[in-house]
Amino acid sequence: MNSDGRSTPTLTDWLIFLALLAGAILMCGPFIWMISTSFKPSSEVFAFPPTLLSAHPQPGNYLRIFTTIRFGQALLNSVIVATSVTVLQLIVCSMAAYAFACLRFRGREVLFLIYLAALMVPSQVTLIPNFILIRNLGWIDTYQGLILPYAFSSFGTFLLRQYMKTIPGELIEAARIDGANHLQIYAGVVVPLALPALGALAIFTFVAQWNNFLWPLITTSKPSMQVTTVTLASLQGQFNTDWPLLMTGSVLAIVPMLVVFALGNRSFISGITAGSFGGR
Amino acid sequence: MPKANLSLMARREERAAWLFLLPSLVLFAVFTALPVISAFLISFAHWDLFNPPKLAFLDNYIGLWNDPIFRQVLGNTGYYVVLAVPLQMLLGLLCALALNRGVPGQAFFRVIYFLPVVTSTVAAGLVWAWLFNSNFGLINMGLSLLGVDDLPKWLISSKWAMPAVIAVSVWQGLGYSMVLFLAGLQNIRRDLYEAAALDGATGWSRFWHITLPLLSPMTFFVLIISIIGSFQVFELVYVMTKAGPSNATNTLVFFIYQNGFMFYQMGIASAAAMVLFLIVLVLTLVQYRLQNRWVHYE
């Protein structure tokens, strides 16, 4: 149904449809070209006029990227880091959110404001001190160096707290009267009820970590510890005209996120929009 | 509340609260609060990481003030923000309006327009660098097939490199604005439109008098986060141009990266980070003040 309450598309609707279709082709174009190039032999890349489907497709590019460089290790590192950060954030942020939303303690409002204020701090401000800290701890080229700085997020705490605030107080009160302690209420009542918000935060965090670049760029130097984005950027320097290989790497870096997004696009988007309504 | 009035249960609740907060407090202190303070202190020091830091007072800030490259960097970043933010917001709003009226296939379009948002910026930058390649890229091939003789050199031209980076960031960001605007539109009560239709309001005046004012809290939110996000542009620059040609696309965060991790000038990098911090802070506060003047809540 459209905004006028009519259910059959009008001429305007069809014109808009055509404009959206043209836009969609523009939006998808780079993905299509990337996939097309990833299947081309190196020689064909410079052909004029350009070809979309190669006459000699090279699926071997997808093997070559794993044999010429450690791309498999990079993908594995990305999975390890993104998964660990996500799990840690879910635990740490949900615990903090529970305290803010369901418990009374002195300094609650002040502390919450401090956490909120941290949302205004660009990550590049803390970049240098964090790098120095990680370096002094000897954590360059380690998983803990890649993971721990992201184990807490103000955004995640804020998102979960807003959601937990909507849980009816009677449910928590009832559990309390039944003799449940705070840990039991947290794990048995609040967390199960907050699952939609936790899901949104999980997808949001996983995607953000998978695509994270600057921090892993400066805290890893060994190829065996690099994550996908960093390996991909370094490929550019080593194979700078081998466009089929670069595009193969790009496809491999993008596809897992498309899958994650396809599986959870509703909760991903609700995570984004929840952040925007929270401030009201 | 005076301490004596706290019952046993309240005290227990308070202790539980701090235990629940403990992991976040430790991580927040170590990786956010202390680093912010350290960054501020480091900005007043000369430090190359190999020798002990030396007090520099305002040297780093004065150095930035007098550095023509830093001025260029600020100019570039401003140019980027001023073009990328309105374009991304306008296109995002248009898409949201188009997708909010029940055209065929709108769920499909919503996903397609959003895909670039979940795409790794590094990978997207690589693909676009290939598209913008001045000799063999699809864009110039297309332009030459259309009969354009004077093909732009895109990423290796100091005139065209920044517009190319901006185009990619708009491509990547408009789905984000779109989703937020859509959420804002869906929050507007249907009956307002029905009442306006009864009063004989046309589509345009309904947009002007209902949609736009009631969408303003969301517009305001999108504006702030887009500006803040745009000031932090880095990956696209790193992958597409490496800040070149001759600093034509060098931006604030790239400058911080360059000074900190290529030149090992931690003091200068921190001072530049403080400038970024200040910009973001001022923008947030200014917008926060303005919010009450032009944002309409229902």
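Reader: Which domains does the domain assignment of chain B give?
Author: This is a predicted model. The bounds come from an automatic or database domain assignment. For chain B that assignment gives domain 1 (3-33) and domain 2 (68-294).

Reader: How far apart do the C-alpha centres of domain 1 and domain 2 of chain B lie?
Author: Domain 1 of chain B covers 3-33, and domain 2 covers 68-294. Their C-alpha centres lie apart by 40 Å.

Reader: What radius of gyration does chain B have, against a compact globule of 298 residues?
Author: The C-alpha trace of chain B spans about 75 × 70 × 30 Å along its principal axes. A compact globule of 298 residues would come out near 19 Å. For chain B the radius of gyration is 25 Å.

Reader: What pattern does chain B follow along the sequence?
Author: Chain B has twelve helices and two strands. Read along the sequence, the pattern is α-β-β-α-α-α-α-α-α-α-α-α-α-α.

Reader: Which helix gives the largest share of the side of chain A that touches chain B?
Author: The contact takes 70 residues from chain A and 73 residues from chain B. Several helices of chain A each supply at least two residues, including H1 (11-38), H3 (71-102) and H13 (243-278). The largest share is 14 residues, and it comes from H13(A).

Reader: How many nonpolar, polar and charged residues does that side of chain A have?
Author: Chain A gives 70 residues to the contact. By class, they are three charged, 15 polar and 52 nonpolar.

Reader: Why is helix H11 of chain B largely enclosed by the rest of the structure, and which of its residues are buried?
Author: Over chain B, 42% of the 298 residues count as buried. In helix H11 (residues 252-262) of chain B, nine of the eleven are buried, so the helix is largely enclosed by the rest of the structure. The buried ones are Leu252(B), Val253(B), Phe254(B), Phe255(B), Ile256(B), Tyr257(B), Gln258(B), Asn259(B) and Gly260(B).

Terms used
Residues are numbered from 1 along each chain as its sequence is written. Chains are lettered from A and ligands numbered from 1 in the order in which they are written. This is a predicted model: local features need pLDDT of at least 70, side-chain atom pairs count only at pLDDT 80 or more; totals for chains, interfaces and linings use all residues. Two residues are in contact if their C-beta atoms, placed from the backbone, lie within 7 Å. Helices (H or I, at least four residues) and strands (E, at least two) are DSSP runs, numbered from the N terminus. Ala, Val, Leu, Ile, Met, Phe, Trp, Tyr, Cys and Pro count as nonpolar, Asp, Glu, Lys and Arg as charged, and the others, Gly among them, as polar. The radius of gyration is taken over C-alpha atoms; the globule rule is 2.2 Å times the number of residues to the power 0.38. A residue is buried if 20 or more other C-beta atoms lie within 10 Å of its own, exposed if 12 or fewer, and partly exposed in between; C-beta atoms are placed from the backbone.
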